[in-house]
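Me: I'd like to go through the labels used for this chain and ask what stands behind them. Could you take me through them one at a time?

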Amino acid sequence: MCTCATPPDDARLLAFLDGEPDAALATDLVKCASCRERLAALDTQQRSLMINLRQSDTPSSLELGEYVLGLIPDARKREIETFLHGSERGRADVAQLRSYLDSLKGDIEFSPLERVQVLVAELVRGLGPAAGPAFAPALAGLRGAAVDDGTRLYRAGDVSIALDVMESGSSRMVLGLVSGAEAEGLEVELWQGDALAKVVPVDEVGNFTLENVARGKYTLALTAPEIEIHVPGFDV
Ligand SMILES: [Zn+2]
């Protein structure tokens, strides 16, 4: 039986578990075995809830990106918000994604605040759709797939990016090769307007593959901690 002058309710015990200072409750707990038992039971219950939440509802970083961009269906959005409510790490990730997206707004050439240099890549060689598929037969034989148009080569500073668009079933695939940049930590993002369509890592030799890409006009962004290279008007 509870012997406390003011028996604490569950909400107060939960707040205490969360680390909220409550000197009066702490004093009561020393004296009241019944409240100590309830506190222990609530603690166990909360831990198992957190474990279940972690297993089923932990969104991937890609999904958090879609959440930030407002691309998540409402039902899932509520689950993610529940997750974020209980996850400081998740909230930090979301805040970081938001500030990253803010930094992309506008055509920023250089943002000293973020210490991220943003370069816009120039097309240095490429056939483009208008020039016709001159390389197509050779590449098609090599890769066993039809080629939309030739390899497009972009350059920004010392970095060059070669891009091939291939048919892959009902959608398309983009094969890329980055050279002149440290591949460690490099990622490739595919943006359609303000929406992030895909993110893939660049492997240790500079290759990346974007699969299941719908036809359209994109901005491809090569990102690293201190540099971003944008390829605007990239047609797939
Ligand atoms: Zn009590």
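Below, some labels are set against their definitions.

Me: Happy to start! What kind of model is this, and which pLDDT do local features need?
Reply: It is a predicted model, in which local features need pLDDT of at least 70 and side-chain atom pairs count only at pLDDT 80 or more, while totals for chains, interfaces and linings use all residues. Residues are numbered from 1 along each chain as its sequence is written, and side-chain values use heavy atoms, with hydrogens and water left out.

Me: What does the secondary structure of the protein chain come to?
Reply: Seven helices and 11 strands. Helices here are DSSP runs of H or I with at least four residues, strands are runs of E with at least two, and both are numbered from the N terminus.

Me: Why are helix 1 and helix 2 called roughly perpendicular?
Reply: The axes of helix 1 (residues 10-17) and helix 2 (residues 23-31) cross at roughly 100° and come within 11 Å. Angles of 65 to 115 degrees count as roughly perpendicular, under 35 as roughly parallel, over 145 as roughly antiparallel and the rest as oblique. Helix 1 and helix 2 are therefore roughly perpendicular to each other. On the side of helix 1 the contact (heavy atoms within 4.5 Å) is made by Arg 12, Leu 13 and Phe 16, and on the side of helix 2 by Ala 24, Leu 25, Ala 26 and Leu 29.

Me: What makes Glu 63 count as buried?
Reply: Buried means under 20% relative accessible area, exposed means over 50%, and partly exposed lies in between, with a 1.4 Å probe and protein chains only. Glu 63 has 18% relative accessibility, so it counts as buried. Glu 63 is found in helix 4, where Leu 64, Gly 65, Tyr 67 and Val 68 are buried too.

Me: Why is Gly 65 called buried?
Reply: Gly 65, with 6% relative accessibility, therefore counts as buried.

Me: Is Ser 87 buried or exposed, and how do you know?
Reply: Its relative accessibility is 12%, so Ser 87 counts as buried. Ser 87 lies in the loop between helix 5 (74-86) and helix 6 (88-104), and a polar atom of its side chain is 2.8 Å from the backbone nitrogen of Gly 90.

Me: What makes Asn 212 exposed?
Reply: Asn 212 has a relative accessible area of 56%, so it is exposed. Asn 212 sits in strand 9 (residues 207-213) and has a positive phi near 50°.

Me: And why is Thr 3 called exposed?
Reply: Thr 3 is at 58% relative accessibility and therefore counts as exposed. Thr 3 belongs to the segment before helix 1 and touches Lys 31 and Cys 32, not counting residues up to four places away in sequence.

Note on methods: Axes fitted to C-alpha atoms, helices over the stretch in contact; angles between N-to-C directions. Polar contact = N/O pair within 3.5 Å; in protein donor to acceptor, adjacent residues only side chain to side chain.
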